[in-house]
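Please keep the sequence and the model in view while reading.

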Amino acid sequence: RVLFAPRMMITVPPRHYCIVENPIDRDENSEPVFDEFGQVKLRHADQDIRQAQDPFPLYPGEELLKAVSPLQTVVTDTALHLQALLDFEDEDGEKRVAGDEWLFEGPGTYMPRKEVKILQTIQATVIRHNQAIRLRARKQTKDREGHDRVTGEEWLVKKVGAYLPGVYEEVVDVVNAFVLTDKVSDGTPGVWVVPR
């Protein structure tokens, strides 16, 4: 007998994706795997991220966890703060361990993975003339100039332009320079000083 009414197949257009929970198990030929009772096997509590492909149905037990959505575009001077939920090896052969954090810097299109969680979107801070930004290290790391920083250390970046903090850096404050005049100075009028 028919247990469920007909349902529309799912269509994922280009530059879109969806997430299926409890996906079916497939063999090396991408064909569904069935048990001895003729029921399709499910990978319970697992997820499958499906991108542009031919329309497909949901097998019994599969659930559409996230509806068809556009891929996320990361613009210039912006980054996604990512964290690994499971151990895996990415497309470039780099091994990630659960808990690792890194940045996906724009411009580019982010391809989601089931092993990765997006923590936040980071915007670059613009440093204008006679300004600096004070940064703090969240853990031991190297800054963008290659200097070693220890947890809790603070330092200034004075280079004019957009600055995108590293994965273990946080912006504490934007510091404005002040003018040392002939009345309040070290003897050299018109000197700009950025406090340390």
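## Overall form

The structure is a predicted model, and its chain contains zero helices and 19 strands. Along the principal axes, the C-alpha trace spans about 95 × 30 × 25 Å. The radius of gyration is 25 Å, whereas a compact globule of 196 residues would have a value near 16 Å.

Of the 196 residues, 30% count as buried. The chain exposes about 13,100 Å², of which carbon and sulfur atoms supply 50%. Among contacts with a separation of 6 or more, 62% are made by residues 24 or more positions apart.

## Pairing of strands β1, β2 and β3

Strand β1 (residues 10-21) runs antiparallel to strand β2 (residues 47-56), to which it is joined by seven bridges. Strand β1 also pairs with strand β3 (residues 63-70), again in the antiparallel sense, over five bridges.

Valine 20 illustrates both pairings: it stands opposite aspartate 48 in β2, and its bridge partner in β3 is leucine 64.

Strands β5 and β10 are joined by seven bridges and run antiparallel.

Which residues make up the largest nonpolar core? It has eight residues, namely Val74, Leu80, Leu82, Ala84, Phe88, Trp102, Tyr110 and Val116. Strand β5 (residues 78-84) gives the most to this core, with three residues. In soluble globular proteins, nonpolar side chains tend to be buried together.

Leucine 80 belongs to this core, and its bridge partner in β10 is threonine 121. Not counting residues up to four places away in sequence, leucine 80 touches Gln72, Val74, Trp102, Leu103, Phe104, Tyr110, Ile118, Gln120 and Thr121. Of these contacts, Val74, Trp102 and Tyr110 are also listed in the largest core.

Another open sheet of three strands has the order β15-β12-β17, and its pairing is antiparallel. Strands β15 (154-157) and β17 (169-176) stand at the edges with a single partner strand each, so one side of each is left without a neighbour in the sheet. On average, and with direction ignored, neighbouring strands of this sheet are turned by 30° against each other.

Strand β12 (residues 131-137) and β15 run antiparallel and are joined by four bridges; within this pair, leucine 135 has tryptophan 155 in β15 as its bridge partner.

## Threonine 141

Is threonine 141 buried or exposed? Its relative accessible area is 17%, and it is therefore buried, since the cut-off for that class is under 20%. Threonine 141 lies in strand β13 (residues 141-142).

With residues up to four places away in sequence left out, threonine 141 touches His147, Asp148, Arg149 and Tyr168.

Definitions and conventions
Residues are numbered from 1 along each chain as its sequence is written. This is a predicted model: local features need pLDDT of at least 70, side-chain atom pairs count only at pLDDT 80 or more; totals for chains, interfaces and linings use all residues. Side-chain values use heavy atoms; hydrogens and water are left out. A nonpolar core is a set of buried Ala, Val, Leu, Ile, Met, Phe, Trp, Tyr and Cys residues joined through side-chain atoms within 4.5 Å. Buried means under 20% relative accessible area, exposed over 50%, partly exposed in between (1.4 Å probe, protein chains only). Helices (H or I, at least four residues) and strands (E, at least two) are DSSP runs, numbered from the N terminus. Contact means heavy atoms within 4.5 Å. Two strands pair if DSSP finds at least two bridges between them. Axes are lines fitted to C-alpha atoms, for helices over the stretch in contact, and angles run from 0 to 180 degrees between N-to-C directions. The radius of gyration is taken over C-alpha atoms; the globule rule is 2.2 Å times the number of residues to the power 0.38. Accessible areas come from the Shrake-Rupley method with a 1.4 Å probe; for residues, only the protein chains shown count as cover.
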